[in-house]
Amino acid sequence: MIDLKRQPSECFAELESEIMAIPDNKHAVMNMPLQEAMQEGRRMAEVVYKHYDQLKQSDIDENYLSSIATRAAAFAYTVAMMDSCVKVGENNVEKFRALRQEGYSLRTELIARISYIARKDKVILKAIDRIREGRGDLDMIRDLLALYKLFSQNKDRFLQGNLDPALAERANTLYSELFHLLAKIDTDPALADEAKRTSAKAWTYLWEALSEIYQ
């Protein structure tokens with residue numbers, strides 16, 4: 001008899017090796033929305049559960065009957081993973097946008113303060129000029145680190161010029177936060193693509209049983 005109450009993650013773990021062994025060019029076509037496909041898998045599992053003894057008397061491969069609920073739950077798990085990837089990606093983009101504006105503002109403020117304090121120091125001013133050349137988000141992030149290092153290397157001088165050390169520390173923190181968020185944003189599409197491939201394989205594995213039972 002089949003079990004309709006097992007956790008989707010447990011079902012996917014049980015079938016993962018078989019699901020992932022399905023070739024990329026052998027995916028079954030899905031002619032319905034994801035949520036509808038997931039519900040259909042669940043519906044068929046309930047039908048089999050209800051009429052298991054009768055269906056066993058047919059020429060259906062009993063493996064399809066006994067595994068239909070596990071296959072349906074494993075597919076549902078992959079759909080949830082796809083949704084999770086999308087939400088994680090959106091959250092990272094939102095966080096990045098919120099911090100990016102602060103990053104640009106802090107970069108501008110530190111450049112102005114350091115330029116004034118070191119207005120007679122050609123070496124520091126040359127370093128500031130290189131920082132000013134930065135364009136785009138990635139340069140801005142790197143500039144925050146460069147400004148923090150410039151402060152650290154000339155700390156006593158800048159403190160005497162009343163530069164708030166908290167600004168430099170914030171630049172270092174923002175650099176770390178923005179850099180890691182940017183890395184996640186770059187990675188999330190790859191994770192989403194992998195989740196889609198896994199879900200397509202899980203659907204193919206489910207469809208193998210569905211199509212046999214339908215017949």
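Helices here are DSSP runs of H or I with at least four residues, numbered from the N terminus. A salt bridge, the theme of this report, is a side-chain nitrogen of Lys or Arg within 4 Å of a carboxyl oxygen of Asp or Glu. Side chains of opposite charge can pair when their charged atoms come close.

This is a predicted model, where local features need pLDDT of at least 70 and side-chain atom pairs count only at pLDDT 80 or more, while totals for chains, interfaces and linings use all residues. Residues are numbered from 1 along each chain as its sequence is written, and side-chain values use heavy atoms, with hydrogens and water left out.

The structure holds 15 salt bridges, including these:

| Pair | Closest N and O atoms |
|---|---|
| Glu 46 and Arg 42 | 3.2 Å |
| Arg 71 and Glu 208 | 3.0 Å |

For burial, the cut-offs are under 20% relative accessible area for buried, over 50% for exposed and partly exposed in between (1.4 Å probe, protein chains only). Arg 71 is buried at 2%, whereas Glu 208 is partly exposed at 36%.

Glu 46 and Arg 42 are four residues apart in helix α2 (residues 34-50), which means about one helical turn separates them. Glu 46 is partly exposed at 37%, and Arg 42 is partly exposed at 40%.

Arg 113 and Glu 109 are also four residues apart, both in helix α4, or about one turn of the helix. Elsewhere, salt bridges with shared partners join Arg 6, Glu 10 and Glu 14 into one network.

Notes: Helices (H or I, at least four residues) and strands (E, at least two) are DSSP runs, numbered from the N terminus.
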